[in-house]
Amino acid sequence: MRRYEEPIEVRQSVLAGRSSATAGDVPGAGREDGCAPLGGPEAFVWRGRLYVVRAVLDRWQERRPWWRDAREQGSGDVLTDARERQVWRVEASAGRCAGVGVYDLGADPGALDTGLDTGLDTGLDTPHWRLLRVAD
């Protein structure tokens with residue numbers, strides 16, 4: 001298992017009525033807290049290449065490495081930084097002829113900085129997606 005912690009762009013299904021959303025779409029429709037109910041990822045772009053999710057193998061929550069963010073960014077809000085992130089283990093491939101690999105994708109709900117320049121400012125929180133791990 002290789003670890004990356006690299007920002008990625010994810011197209012995900014949204015549980016509240018819409019079939020899919022990208023990081024730039026308006027999240028949180030119908031929710032009071034302004035956060036989109038996170039559905040499973042359908043596709044992601046990593047290092048300029050599109051990967052289509054073939055199957056979701058598992059999903060869980062894990063603590064974010066908040067101590068790294070706090071140290072690097074000088075964040076003073078430890079409670080906010082200590083939130084858990086959603087992790088999806090998916091099988092995905094980069095094309096019809098490419099082999100299927102296993103990827104762990106993490107979403108930090110409520111992160112304002114997606115790490116990607118979508119050109120859209122919704123004023124609402126969007127998930128900050130990262131490729132966490134790739135199985136060898």
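Along the sequence, the protein follows the pattern β-β-β-β-α-α-β-β-β. That comes to 2 helices and 7 strands; helices (H or I, at least four residues) and strands (E, at least two) are DSSP runs, numbered from the N terminus.

This is a predicted model, in which local features need pLDDT of at least 70 and side-chain atom pairs count only at pLDDT 80 or more, while totals for chains, interfaces and linings use all residues. Residues are numbered from 1 along each chain as its sequence is written, and side-chain values use heavy atoms, with hydrogens and water left out.

## Exercise 1. Confidence

Find the average pLDDT of the protein and the stretches where pLDDT is below 50.

Solution. 
- Start with the scale: pLDDT is the predictor's confidence in each residue, from 0 to 100.
- The average is 73, and 57% of the residues score at least 70.
- Residues 16–34 have a pLDDT below 50; this stretch has 42 contacts in the model beyond near neighbours in sequence. Contact means heavy atoms within 4.5 Å.
- Residues 111–124 are also below 50, with 20 such contacts.
- Where pLDDT is low, the predicted coordinates should not be read in detail.

## Exercise 2. Strand 7

Which strands pair with strand 7, and over how many bridges?

Solution. 
- Apply the rule: two strands pair if DSSP finds at least two bridges between them.
- Strand 1 runs antiparallel to strand 7, joined by 4 bridges. Arginine 3 has arginine 133 as its bridge partner in strand 7.
- Strand 6 pairs with strand 7 in the antiparallel sense over 6 bridges. Here glycine 106 has arginine 130 as its partner.
- Now check the cover: 6 of the 7 residues of strand 7 are buried. Buried means under 20% relative accessible area, exposed over 50%, partly exposed in between (1.4 Å probe, protein chains only).

## Exercise 3. Aspartate 104

Describe the surroundings of aspartate 104.

Solution. 
- Aspartate 104 counts as buried because its relative accessibility is 1%.
- Look for side-chain partners. Aspartate 104 makes a polar contact with the side chain of arginine 89 at 2.7 Å and another with that of arginine 133 at 2.8 Å. A polar contact is a pair of N or O atoms within 3.5 Å; within protein, one must be able to donate a hydrogen and the other to accept it, and residues adjacent in sequence count only if both atoms are side-chain atoms.
- Beyond four places in sequence, the contacts of aspartate 104 include Trp60, Val87, Trp88 and Leu132.

## Exercise 4. Aromatic pairs

How many aromatic pairs does the structure hold? Classify the pair of tyrosine 4 and tryptophan 46, then that of tryptophan 88 and tryptophan 129.

Solution. 
- Set the cut-offs: rings of Phe, Tyr and Trp (its six-membered ring) pair if their centres lie within 6.5 Å; planes under 30 degrees apart count as stacked, over 60 as edge-to-face and the rest as tilted.
- The search finds 6 aromatic pairs.
- Tyrosine 4 and tryptophan 46 have ring centres 5.1 Å apart and planes at 70°, so this pair is edge-to-face. The pair links strand 1 (residues 2–7) to strand 3 (residues 38–46), across 42 residues.
- Tyrosine 4 is partly exposed at 22%, whereas tryptophan 46 is buried at 8%.
- Tryptophan 88 and tryptophan 129 have centres 5.4 Å apart and planes at 35°, so their pair is tilted. Both of these tryptophans are buried.
- Finally, ring pairs link Tyr4, Phe44, Trp46, Tyr51 and Tyr103 into a cluster.
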